[in-house]
Amino acid sequence: MIPAIVVFLYLGIVIYIGVFAFRRAALHQGAEDFFLAGRSLGSFVFLFSLFGTNMTAFTILGSSGHAFHNGIVTYGLLSSSSALIIPLTLFLIGTRVWALGKKHGFMTPVEMYRHRWETSHIGTVICVLQAFLLVPYIVIGVMGGGTTLATISGGRVPYWAGGAVVALAVMTYVFFGGMRGTAWVNTFQTLLFLSFGAAAVAVIGSGMGGFREAAEAMLASPATSPLLTRERVSPLFFFSYTFIPLSTIAFPHISIFCLTARRMVQFRKTVILYPLCILAIWMPCVFLGVMANRATDIPQIRQKIEARRALGADGARMTPAERDQLRGKMAADDVVLLLLERYAPLWLAGLLGAAIMAAVMASDSQILALSTMFTEDIFAHYGGKARFGEAAQVHTGRLFVVAVTIVAYTIALKAPQTIFDLAVQYGFSGYAALSPLLVAALYWRGSTKWGALASTLWSAAAVIAVAVFQHLVPAPAPGPPVVVWAAAGLDVLARTPGGTAVLGLLPVVPMTLVSALLMVVVSRATAKPSAATIEQYFPPQPKQ
Amino acid sequence: MTRRRRLALCLLVAAIYALHQDVWFWRTARPLLFGFLPIGLAYHAAYSLAAALLMWLLVKLAWPSHLE
């Protein structure tokens, strides 16, 4: 019960931070202040909050669960590529978004697109797709809150109550604190993440009798030695994953967050330290996930390993339903929790509980981003701000925060999580496919609104197509994929145990490349914006 | 920023991106760094440090101060 008490204490602290931010901002409650913290964040809060905004439940729970079954490849797939691509996109795109936001008063990327390409309704289409891809993340956040609170309280707090408590806490500090409160809470959460990783590795390592023995024992066993290499993953598949971090800058909550820095210099430390933050947080999670394979004295971990073994040995002879049942038993998102229960003292288990809650509550910035998009891209754009005033815009934003939270909670109570897991999985690919819009708007004078529309419609169609394909063709057992379409000796389209492969690549690769190609081809064939508008984005460079 | 420096930095970024694909440590876990960290994982930890160093270089040499 102590971990649950620590978690409730944590929830109390984050609500207080939100209310404190509200009181701090009470004197200047304009739209920019509520939605963008008055473009006033300093280096420390900007770095840790941006990092925290991008950390979700997957960081601690999902990465260790993925590493438990897939081994060390998890870090290369999900972390080290992000360590390069995310800060690079912040450097190349984030700084420009910030500068244009400051110059023109933009509060969302769609506002910039509308101005850059002299369009109205195409901006609305982009906004709708962005919102559609963002909602599942918010629902997953509420679900994760309910599950986590139920687990760490030993079932004393039921799922529905846990979800309600988390949703209420997030709603409260976003409602009162707006972007300032959310940024402060995210900073607090990131510091909690950072302190958790090192402590967990030290305590669990000591409890397991040292990692040297565990690593040697894993290498000595044919069942576990592949987990310490990448022999089960093809280099092409590994390469595909470097496209996924392109999604980060295209996520509305990240690009909107880029507008909150006080000065552009705030990006400097963030860009440099971001890879180190990734290393500090992901490495312990991945490493502990792999090492959990040696913790066979924990019954739940033993069951997961046995289910994995059964699926690998007999999966090909099983029905899809039987395979899904085994995959359910293999679900490993709780391995770090199990390791801590077994090896850590109660205080650390409590800290872990709070860190997990922090990860789960990353939906705060997504809720705020949706609210910003609704009030700025829809309400203000279609005349609401001019008609009712700026105060009404902020009130609408707050009401929208409440409405989104209630809808997400209601869905979380009724819908099966697997649907949203899938939606989140392809949300990343969808946003990566939208990244050419940002690049074209900021770096290519010749881009047009029709090129942007073509990229957007392609991204939407591709996400839907992959989801339908995976629904129609069940996942095969571990091993070779099910080839659905082959041509000229190549496996063009295949269903793999973990998803879909197009020419051996993740769908995100063709989705992003075709999106970029459409932007180029359609823009070349259509009329450009006026020279006056283009000049505002590409002013003549001073001579060196 | 001169054209030559811009080209050099672009090539450096491309080289670091390519180094992510470390096929040379694909099928081996040894040597174990510190006795427990498989070489494939240690390489990608070092890669994250290299990414931080690259970002430091970009900030130092190619900061878009004209935007501010």
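**Surface, fold and a few details**

A: Chain A exposes about 20,600 Å², with carbon and sulfur atoms supplying 68% of it. Accessible areas come from the Shrake-Rupley method with a 1.4 Å probe, and for residues only the protein chains shown count as cover. Bear in mind that this is a predicted model: local features need pLDDT of at least 70, side-chain atom pairs count only at pLDDT 80 or more, and totals for chains, interfaces and linings use all residues. Residues are numbered from 1 along each chain as its sequence is written, chains are lettered from A and ligands numbered from 1 in the order in which they are written, and side-chain values use heavy atoms, with hydrogens and water left out.

Q: How many helices and strands does chain A have?
A: Chain A has 24 helices and three strands. Helices (H or I, at least four residues) and strands (E, at least two) are DSSP runs, numbered from the N terminus.

Q: What's the radius of gyration of chain A?
A: It is 23 Å, close to the 24 Å that the globule rule gives for 544 residues, so chain A is as compact as a globular protein of that length. The radius is taken over C-alpha atoms, and the rule is 2.2 Å times the number of residues to the power 0.38. Along its principal axes, the C-alpha trace of chain A spans about 70 × 65 × 50 Å.

Q: What about chain B, what radius does that have?
A: Chain B has 16 Å, whereas a compact globule of 68 residues would be near 11 Å. Its C-alpha atoms fill a box of roughly 50 × 20 × 15 Å along the principal axes. Chain B has two helices and zero strands.

Q: How about contacts, what fraction join residues at least 24 apart?
A: Counting contacts between residues at least 6 apart in sequence, 82% in chain A join residues at least 24 apart, and 52% do in chain B. Contact means heavy atoms within 4.5 Å.

Q: Switching to helices. Why does the end-to-end distance of α20(A) agree with its length?
A: Helix α20 (residues 390-414) of chain A has 25 residues, which should span 36 Å at 1.5 Å a residue, and its end C-alpha atoms are 36 Å apart. The expected span is 1.5 Å times one less than the number of residues.

Q: Which residues in α20(A) are buried, and what covers them?
A: The buried ones include A:Val394, A:Arg398, A:Val401, A:Thr405, A:Ala408 and A:Tyr409. Their cover includes α1 (2-24), α7 (121-152) and α8 (159-207) of chain A.

Q: How covered is α6(A)?
A: Mostly: eight of the nine residues of α6 (109-117) are buried. Among them are A:Glu111, A:Arg114, A:Arg116 and A:Trp117. A:Glu118 follows this helix, with a positive phi near 50°.

Q: Where is A:Gly451, and is it buried or exposed?
A: A:Gly451 is in helix α22 (residues 449-472) of chain A. It counts as buried, at 0% relative accessibility. Leaving out residues up to four places away in sequence, A:Gly451 touches A:Leu518, A:Met519, A:Val522 and A:Ser523.

Q: Now the strands. What's the order in the sheet?
A: It is an open sheet of three strands, β1-β2-β3 (chain A), with antiparallel pairing. The edge strands are β1 (482-487) and β3 (499-502), each pairing on one side only. Two strands pair if DSSP finds at least two bridges between them.

Q: How many bridges are there in each pair?
A: β1(A) and β2(A) pair over five bridges, while β2(A) and β3(A) pair over four. A:Leu493 in β2(A) stands opposite A:Trp485 and also opposite A:Val502 in β3(A).

Q: And what sits between the strands in the hairpins?
A: Two residues separate β1(A) from β2(A), and in that hairpin A:Ala488 takes a positive phi near 50°. The hairpin from β2(A) to β3(A) also goes through two residues.

Conventions
Buried means under 20% relative accessible area, exposed over 50%, partly exposed in between (1.4 Å probe, protein chains only).
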